[in-house]
Amino acid sequence: METEWNENQAFLRGTVLLDPAPSHENHGVVYDAFPLSVRRLSGAEDRVNVIAARPLLERCPVRAGEEVEVEGEVRSFNNKSGRGSRLVITLYARAIRPAEGEHVNQLVLSGALCKPPIFRRTPMGREICDLLLAVNRRYGRADYLPCIAWGALARRCAALEVGDTVRLEGRFQSRSYIKVENGESSQRTAYEISVMRLEEPDHPLAAAGGNRISAAER
């Protein structure tokens with residue numbers, strides 16, 4: 001899905017859960033990964049997998065238990081191992097630095113819808129809409145990012161069509177669920193963007209129920 005209107009910015013502040021470990025190598029650059037825990041105002045936490053080039057981590061080493069800020073982009077890749085989720089979502093770090101204070105989880109994304117929205121209701125009657133947003137990188141590649149909206153914003157998202165361009169603000173969240181395969185259950189973790197605000201090119205920025213991103217919620 002090609003669009004000239006693309007943006008991918010992430011800013012998270014949280015606690016490093018494990019020391020960085022080797023992830024992969026690409027074009028001669030070695031990358032390491034570590035999980036970052038970001039608390040919500042509710043006390044729940046999101047656990048985000050951070051990927052960083054080793055030279056970046058050499059300039060700013062991180063260790064388990066430390067508080068850090070990470071600036072970067074949300075990335076996706078296809079998992080062809082046959083284990084776990086088929087679409088893997090990570091945070092690609094462009095800057096890392098020591099931090100202190102309230103945890104922050106803020107994303108700004110813009111791109112085009114590449115699948116029809118899926119509108120549904122929970123057993124308790126809460127409205128949800130699932131979106132898949134294609135965000136272009138340079139050199140012709142794109143990241144495909146699952147997004148979820150709630151309530152009045154979910155109803156608005158349900159009216160979107162494939163190819164529509166949107167700009168959104170939200171949170172990079174993790175969610176545990178039970179996967180049943182061949183009669184066996186296993187616990188999995190899904191990663192998605194929880195949409196807080198949405199903008200279309202021809203419509204003003206809107207938030208569900210006035211739900212704006214505050215400094216503590218970013």
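In which strand does Thr90 lie? Thr90 lies in strand E6 of what is a predicted model. Two aromatic pairs are counted in this model, and the number of disulfides is zero.

**Thr90 and its surroundings**
- Thr90 has a relative accessibility of 8%, so it counts as buried.
- Leaving aside residues up to four places away in sequence, Thr90 touches Asn49, Ile51, Glu73, Val74, Arg75, Phe77 and Phe172.
- Two of these contacts return below: Arg75 lies over the face of a tyrosine ring, and Phe172 belongs to an aromatic pair.

**Aromatic rings**
- The count of aromatic pairs comes to two.
- One of them joins Tyr31 and Tyr92 in a tilted arrangement, with 6.3 Å from centre to centre and 50° between the planes.
- This pair links distant parts of the chain, since Tyr31 is in strand E3 and Tyr92 is in strand E6 (residues 87-98), 61 residues apart.
- Tyr31 and Tyr92 are both buried.
- Phe172 and Tyr191 make an edge-to-face pair, with centres 6.4 Å apart and an angle of 80° between the planes.
- Phe172 is in strand E11 (residues 165-181) and Tyr191 is in strand E12 (residues 184-199), so this pair ties together parts that are 19 residues apart in sequence.
- Phe172 counts as buried because its relative accessibility is 0%.
- Tyr92 also has a charged neighbour: Arg75 lies over the face of its ring, at 4.4 Å from the ring centre.

**Strands E2 and E3**
- Strand E2 (residues 21-26) pairs with strand E3 (residues 29-39) in the antiparallel sense, over five bridges.
- Within this pairing, Pro22 has Asp32 in E3 as its bridge partner.
- E2 and E3 form a hairpin with two residues between the strands, and His27 there takes a positive phi near 55°.

- E11 and E12 run antiparallel and are joined by 15 bridges.
- Strand E10 (residues 142-150) pairs with E12 in the parallel sense, over two bridges.
- Cys147 has Ile193 in E12 as its bridge partner.

**Cysteines**
- A disulfide is a covalent bond between the sulfur atoms of two cysteines.
- The structure holds zero disulfides.
- Cys147 is in no disulfide, and the nearest cysteine sulfur, that of Cys157, is 8.7 Å away.
- Cys147 counts as buried because its relative accessibility is 2%.
- Cys60 has a relative accessibility of 13%, so it also counts as buried.
- Cys114 is placed in the loop between strand E7 (104-113) and strand E8 (118-121).
- At 21% relative accessibility, Cys114 counts as partly exposed, because the limit for buried is under 20%.
- The C-alpha atom of Cys114 is separated by 8.4 Å from that of Leu131, a residue 17 residues apart from Cys114 along the chain.

Note on methods
Residues numbered from 1 in each chain as written. Predicted model: local features only at pLDDT ≥ 70, side-chain atom pairs only at ≥ 80, totals over all residues. Heavy atoms only, no water. Pairing = 2+ DSSP bridges. Helix = DSSP H or I, 4+ residues; strand = E, 2+ residues; numbered from the N terminus. Phe/Tyr/Trp six-rings, centres within 6.5 Å; stacked < 30°, edge-to-face > 60°. Buried < 20%, exposed > 50% of the residue type's maximum accessible area, 1.4 Å probe, protein only. Lys NZ or Arg CZ within 6 Å of the ring centre and 35° of its normal. Disulfide = S-S within 2.5 Å. Contact = heavy atoms within 4.5 Å.
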